[in-house]
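Welcome, and please open the structure in your viewer. We will go from stop to stop, with something to select at each one.

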Amino acid sequence: MKPILRSIPVLALASALSAQIPIGGELWDGHGGPLLAGNVYHVTGAHLAVPSGRTLSIQAGAVVKFERTAFFVDGTLLAVATSGAPIVLTSIHDDAAGGDTNGNGGASSPASGQWFGVLLRAGSGASSLAHVTVRYGGYGGWALAELVASSATLTACSLTDGSMGGLAVRSGSFPSVSSCSFRRISGAPAIFGIDLEAMQGVLDSDLADCPGGNYARLERTTLVASVSLGARNCPGGALVYTDHVSVPAGLSLTLGEGVVMKSGPRLAFGIDGALILAGTATNPVVLTSFADDAAGGDTNGDGNASSPAPNQWFGIQLRSGADLSRFEHAILRYGGYGGWPQVDVQAGRPQLTDCTVSDAGYGGLAVQGSSRPSVTRCRFERIAGSPAVFGLDFESVMGFADNTATGCSGGDYVRVDRTVLAETVTLRTSNCIGDLLVVTNHITVPAALTLTLEAGLIVKFAVPLAVGIDGTLVAQGSAAAPVIFTSIHDDAAGGDTNRNGNATTPAPNQWYGVAFRAGSDASRLEHATFRYGGYGGWALADIAAAAPVFVECRFTDSGQTAVHCIPSSRPTLTRCAFERIAGGPAISGVAFEALAGFTDNVASACSGGNFVRVDTTQLGADAAVTRRNLIDDVLVYSDHIVVPAGRALALGPGIVLKPGSSLAVIVQGRLDVAGPTVFTSMHDDAFGGDTNQNGNATLPAANQWFGIQLAASATGHIEQALIRWAGYGGWPGLDLAGPAVTLRRSRVEFCGYGGFALRAAASAEDLVAFANLGHGFQLLGGAFPLLRASAAYNSGHGVRREPSWVGVVRSSLAYGNGAGFVGFAVDQISFSNGPGIVGGSGNLDLDPRFVAAGAGDLRLAIDSPLLDRGDPLDATIGRDALGFPRVLDGDLDGTARVDIGANEFDHVLLFVAGDPRPGGVITPTTSSSPAILFAALALGLPLDTGLPLLNFGPLFVDPSGPFDIVIWPTNGGTSLTIPATLIGPQPFAFQAIGLPAFFPAGNTSNPVVVSIE
């Protein structure tokens, strides 16, 4: 408690020593004052006081000494001296000022706490002290100088050797303190008790050697007016605050370049108005812990006794109304107490530019609610407890640009915790840290909104999470910088995000996947990678009633199928890759109608299947399938394929269809097969590879699926179909009852209940039934002819006729079957070969001499008796069952005549090898037996490309169109370079012509069609 002033008469008696004048009590000019230059005044008996409304002047060079007394100023004190003749207020024991005033010859020495100090109270606001030295005070807990509700001016004053602080600035005081010096202050800091508003009046003061604190201590830190502070307002290099700093709404706190503010224990900045941190690259603003000696020096004066560490103060909280807050070149560190982030943006649009946030215990920057901060070129270092940046929504991420993070055990990344879009968002790698975002909740893109992720951006899921798209997802990756969706354990993308070394590793099922729902049709993903999903049985891309577009995307390491569709989905997948997919095939759930949207996709090492699986197998609309719509040419189906009346299914060449179990193909509408197209068992690795990925654990066998059934209502054209391993349920491989179906150049083999059951057909030509358990051909009805058929090594009859069939058989063979031709009338068979023929012209019963019957190669050998023995009136053009031209001159006698059976003998074979890409080289090679003297390769040349392109019949060369002839020796080849400027896909074809020595005998080779990709 400060002493109570009593009115004591002025003592103005001169002492025995000249100019040693005792004084006390109330004093003012004209009433004991002014105090004159060169005099030494000794305050005795009563405290010295300047009453309210009075003025006391002290002249330069005056010395006033106190002995356990105080100096009260309620009026105006004018103590204006010079540096050469300062005014000194000191202890009676201070012989260095005015001599040995107490006359004890040095028996006592000055020390702090020997008198009270100077107290300037209300009414003293006009006081001015210049070049005044105040020292050795502090008695009674006083500061050397205290201001209570005073706005006095102190200029170039020296306050030293105080036992309870230097300058105390109490509530309501707004002094002007400039160029003052503080030394050897103990018990309290050099300046203390001051509020932020008053700190603006403290300029250019010098603090040193103060055990109580070489700083100004702020004790009232709730602003009542806007404040602007610069480095000149920071005596000792730093301001220390001992209460929470609060900037109410409508007010602002501005800290200029070089300002250092240090928090006392467990304190915070709470900003409802504006906090402006206006540092520079060379002089940043620093907000830090009291123990941080690296900024503003050893403020607490304890050497290394204490060191800075995370969680020594709370942090900065920017709340509603803080929109105008702006941090530039600010350093914020050692916060985190109470689970606070270093900077907590709860609302508004503050700006942080070129700032450093470091050494925080519970995250660097948190963004909450509807906050939309702008954060540019900021650095986050050594952040623990939470990531560098967290709490964001996708909208707020757009406000971040070019920030970095290092050494953050909580995560060197931006974490998005609120993941339901409220507006359309576009994100770039520059919005992230380390190119990645980590999400902690399911991502939802509502209808009518768009989330765009640009090249190189990585999205990692911290826990099993999903992405749900009801609006639009756009991923604009590139080959060099794809957009990646992956697990937080995936260190190969974005580094060791969870900072655990190899303690955890990525694996399938660590997140769900992406669901494209109704409304997501506009979604487009280019060069996007999806991996390590599959949790909850999700596909990496689960497409429900939507038509998203995927171009050159990668789907890898999933615990379930990679892309799954529901029946109404119509996605587009182009040049996508599937790797290491388990639990289901690469693509599943597809409807036939959706396959047209798939082009040139590939798969490898997928234990669930390197294929596309059609699970919606009843056509709801017409569908056409080519090998480019599939993966590895294989189409797996999981239910009976049904083509209803009024619907059409077209299957292009090169397709392999495999049922997932014992299933059938049932056609009531239209089926067009433009083969070679294979229908076989899932266990048949000879076509389409090891589709079920079990090596040789299962093998193909008869009766593993039903077969193909075309009803009486069916229409279409089946050419070059291969049907294998059918027969389940007693079905033949192909059961045809449609009189409007054309059946040509097709083969049924290894089926358990026979090959072909033909009840009606528009035509049946160039057919093969091989090694079936049962009859090769059953002719059950109709009047269609059976032309150029081969039935070999079937356990039942080769060709069996029922009375209801009234057609004819020509140029066909039956050999090695349980029986040959059975049930035929006289003369119903002609120019054919095999047992059981009754009557007819040109029939034989000889060994056909197949090339390799045991291997199923039913081509005729060069010495076959069936060469040129078919129906001479059969003037067929086109191709045989294997694609060789009909009709050829098998015996080279100069007359071309059809051979008996489904295969035409050809002397000349053509092979093409090489790289069928623009700029690549391909090599056609011919082989002839017997050797042809020379061979010619005829190439159709489109006028616009100069490349071979063919639309051929029996002969490739069209004399009316462009063609070329390249001649080379027998059984030789030539190399052709494909122009690099060609744009694929572009098919072209070629065919060889072999000519013996005599003309016009000779044959054309098999045609070869190559597609430039």
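Before the opening stop, a term: on a 1 Å grid over the protein atoms alone, a pocket is an open set of points with protein on both sides within 12 Å along at least five of seven lines, a cavity is a set where a 1.4 Å probe fits but cannot get out, and lining residues have an atom within 4 Å of a point. This is a predicted model, in which local features need pLDDT of at least 70, side-chain atom pairs count only at pLDDT 80 or more, and totals for chains, interfaces and linings use all residues. Residues are numbered from 1 along each chain as its sequence is written, and side-chain values use heavy atoms, with hydrogens and water left out.

**The largest pocket**

Select Pro-653, Gly-654, Gly-675, Pro-676 and Gln-720: of the 43 residues that line the largest pocket, these lie nearest its centre. Its volume is about 1,400 Å³, a volume being the space filled by probe spheres set on the grid points, which are joined across faces, edges and corners. Next, colour strand E71 (670–679), which is among the elements giving two or more residues to this lining; E71 gives the most, with six. Strands are DSSP runs of E of at least two residues, numbered from the N terminus.

**The second largest cavity**

Now select Phe-394, Ile-443, Leu-451, Leu-453, Val-459, Val-467, Leu-473 and Phe-485, the lining of the second largest cavity. About 40 Å³ of space lies inside this cavity. The whole structure has two cavities of 30 Å³ or more.

**The nonpolar cores**

Move to Phe-555 and Phe-578, which touch the most other members of the 207-residue largest nonpolar core. Such a core is a set of buried Ala, Val, Leu, Ile, Met, Phe, Trp, Tyr and Cys residues joined through side-chain atoms within 4.5 Å, and buried means under 20% relative accessible area (1.4 Å probe, protein chains only). Strand E4 (residues 40–50) gives the most to this core, with four residues. Apart from it lies another core, of 15 residues, including Val-768 and Phe-770.

**The cysteines**

How many disulfides does a search of the whole structure find? It finds zero, a disulfide being a pair of cysteine sulfur atoms within 2.5 Å. Cys-234 counts as buried, at 7% relative accessibility. Finish at Cys-408, where the nearest cysteine sulfur, that of Cys-378, is 13 Å away; Cys-408 is buried too, with a relative accessible area of 0%.

Notes:
Buried < 20%, exposed > 50% of the residue type's maximum accessible area, 1.4 Å probe, protein only.
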